[in-house]
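Hi,

Here is the structure I promised to hand over. Have a look at it first, and then read on for what turned up in it.

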Number of protein chains: 2
Amino acid sequence: MLDVCLLGTGGMMPLPNRWLTALLIRYQGRKILIDCGEGTQITLKMLGWGFKTIDVICFTHYHGDHVTGLPGLLLTIGNSGRTEPITLIGPTGLKKVVEGLGVVTPELPFDVNLIEVSEDKAKETKIEINKGFFIKMLPVEHRITCFAYLVELERLPKFIPEQAMKLNIPQHFWKNLQQGETVKIMDKIYTPEMVLGEKRKGLKVAYCTDSRPVAGLKGFIFDADLFVCEGMYGDEEDKDQAKKKKHMIFSEAAELAKEGRVKELWLTHFSPALTEPKTFLNNALDIFSNTKIGEDRLTKNLNFIEENLI
Amino acid sequence: MLDVCLLGTGGMMPLPNRWLTALLIRYQGRKILIDCGEGTQITLKMLGWGFKTIDVICFTHYHGDHVTGLPGLLLTIGNSGRTEPITLIGPTGLKKVVEGLGVVTPELPFDVNLIEVSEDKAKETKIEINKGFFIKMLPVEHRITCFAYLVELERLPKFIPEQAMKLNIPQHFWKNLQQGETVKIMDKIYTPEMVLGEKRKGLKVAYCTDSRPVAGLKGFIFDADLFVCEGMYGDEEDKDQAKKKKHMIFSEAAELAKEGRVKELWLTHFSPALTEPKTFLNNALDIFSNTKIGEDRLTKNLNFIEENLI
């Protein structure tokens, strides 16, 4: 259903054994990338999901480690044969950054559309990528304007065939009703509510880096199936450093995961000095048991909950 | 004396097993980097020669694969504690490119000095990095303006102590004379010629990518101790493709090495499609026997010729 891949787990600078933090989400063969630091195109190549179907690239903020891979990636996507436009989404400043970095990509075989979202409009912004497939954002607290992202796949309510048969709705209209469309047959009007059951839980993937654990995050990530969150430092003793640099320690990310009642937490964006993040995993596990230390190209497939479990 | 490292061997895009082509030259602990594609900072990190003493970065041209690593590298050099200025050298357009890419590096802890050389001034330009240590350039033939580079370390003529003693020059002035300075002692003037022997051969490293094998290259690389040259394609059958894309095949690079009477040739800047460059090594060896297929971080130490061999 939704495939998620954590492309890298580093912060600040790419390292020989650790790519910079970026997340790839695949749905129905199309892809959303969040963040694109130096080397992201290489770990993408290692993953092997292809370049041509990257439709959207979101940026949390414009520090180098989250954006310098953009021109190279766009060139490589260009070499993949893509001609359809690509959409870039990010906080105010996107145009300036894309124009600046674009000095080395003067001729791309596709258009680049920009959706620049100001900090005060971010909370109310909901961008529909495909039908029922959305990107939402929340301003968080870093040294410059920075957004957390939520990628959400809505689930259609259950279709009740017995109801449709009772109303004598011809079967070839069922799909329209299931998709939420109103159908007119002869003089009769049928609305989705007539044949659909209750709302059903969709899928949510939340991504937050770089930030302090601000209060709004709890609601933003609430009930997410996967929460990918920065943990720049693992050691509790680095909390002051985290506060100063506007990052988080593992236990703060875990606290968010717990309060937000997410299903699973992946830690990422490790400081280059944090060579063995696993050493500090317990600091998170003590608070939120379903925590994983992110690894380059850690992948997960998310599916809707089985009907009989609802 | 001079340490040379080929940091990467790829062209067009960085690959999981091949960094983009760039050359590092170290002399007396200071460093010159030529080209800086995406990921160059990672192979630099793997090499382990440090970031803080990179004083000069030269660009052959401004295609993405030669320049997109610049902002990330500058940030990493900044994190290394460097505060001394860095000099960037390249063809006209350097300022525009550096300003564009610099959109993500607004605050570096050092100044960046630019030496932008126009195509018509390139041949006569000789930039002294340290005393007797020079960078020269030659416009070559690519799809956009592109320079080949020559890094040259001059060797002082041999000092003849017998001559200095005969002239009663106090010993603490010998070094000045050896360095080419004129010395005045009381009323007497001593010039270097009075105590120095004949000119001696220094060291030369030539670097050419991306280009067709233009006529001027033969003289430019003449007698180089090492010639690092692109070989985008290995197969003779790709010659038309090379002509069209303004690149070289292995045999063309070897022909240049032979005509330029260089000591050693390293091939680099392989097309992503050329997964096994060694398959085509014979195409170069047939023409120039001291050819090596470049490998990431292939390193060589160059020294002045032993005196007794002159």
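Let me begin with helix α3 of chain A, residues 94-101, where A:V97, A:V98 and A:L101 are buried. Viewed down the axis of α3(A), these buried residues fall within an arc of 95°, so they line one face of the helix. An α-helix has 3.6 residues a turn, so residues three or four places apart point the same way. On the other side of α3(A) you will find A:K95, A:K96 and A:E99, which are exposed. Please keep in mind throughout that this is a predicted model.

What do the buried residues of α3(A) pack against? Within chain A, their partners are α2 (70-79), β5 (86-91) and β6 (112-117). From chain B, α3 (94-101) joins them. That brings us to the meeting of the two chains.

How the chains meet

The contact takes 26 residues from chain A and 26 residues from chain B. On the chain A side, the elements that give two or more residues are α1 (40-47), α2 and α3. Sorted by class, that side of chain A has 14 nonpolar, 9 polar and 3 charged residues.

Domains and core

Chain A is divided into two parts: domain 1 covers 2-157 + 199-302, and domain 2 covers 158-198. Taken over C-alpha atoms, the centres of these two domains of chain A are separated by 39 Å. Their contact takes 4 residues from domain 1 of chain A and 6 residues from domain 2 of chain A. On the domain 1 side of that contact in chain A, the residues divide into 2 nonpolar, no polar and 2 charged.

The largest nonpolar core has 171 residues. Which of its members touch the most others? They are A:A148, A:A206, B:A148 and B:A206.

Spots in the loops

Most residues other than glycine have a negative phi, and most peptide bonds are trans. A few places in this model depart from that, and they are worth a look.

One is A:Q28, which has a positive phi of about 50° although it is not a glycine. A:Q28 sits in the loop between β2 (22-27) and β3 (30-34) of chain A. Is A:Q28 buried or exposed? With 11 C-beta neighbours inside 10 Å, A:Q28 counts as exposed. A:Q28 and A:N130 are 102 residues apart in sequence, and their C-alpha atoms are 9.7 Å apart in space.

Another is A:R297, also not a glycine, with a positive phi of about 65°. You will find A:R297 in the loop between β15 (291-293) and β16 (298-302) of chain A. A:R297 has 17 C-beta neighbours inside 10 Å and therefore counts as partly exposed.

Next come the cis peptide bonds. One joins A:T209 and A:D210, with omega about 0°, and A:D210 lies in the loop between β12 (200-208) and α6 (216-220) of chain A. In chain B, the peptide bond from B:T209 to B:D210 is cis, with omega near 0°. B:D210 lies in the loop between β12 (200-208) and α6 (216-220) of chain B.

Last, take a look at B:D187, in the loop between β10 (183-185) and β11 (188-190) of chain B. B:D187 counts as exposed because it has 5 C-beta neighbours inside 10 Å. Along the chain, B:D187 and B:T92 are 95 residues apart, and 50 Å separate their C-alpha atoms.

Enjoy exploring it, and write back with any questions.

Best wishes

Notes. Residues numbered from 1 in each chain as written. Chains lettered and ligands numbered in written order. Predicted model: local features only at pLDDT ≥ 70, side-chain atom pairs only at ≥ 80, totals over all residues. Core = buried A, V, L, I, M, F, W, Y, C linked by C-beta atoms within 7 Å. Buried ≥ 20, exposed ≤ 12 C-beta atoms within 10 Å, placed from the backbone. Domains from an automatic or database assignment. Contact = placed C-beta atoms within 7 Å. Nonpolar A, V, L, I, M, F, W, Y, C, P; charged D, E, K, R; others polar. Helix = DSSP H or I, 4+ residues; strand = E, 2+ residues; numbered from the N terminus. Arc of directions from axis to C-beta.
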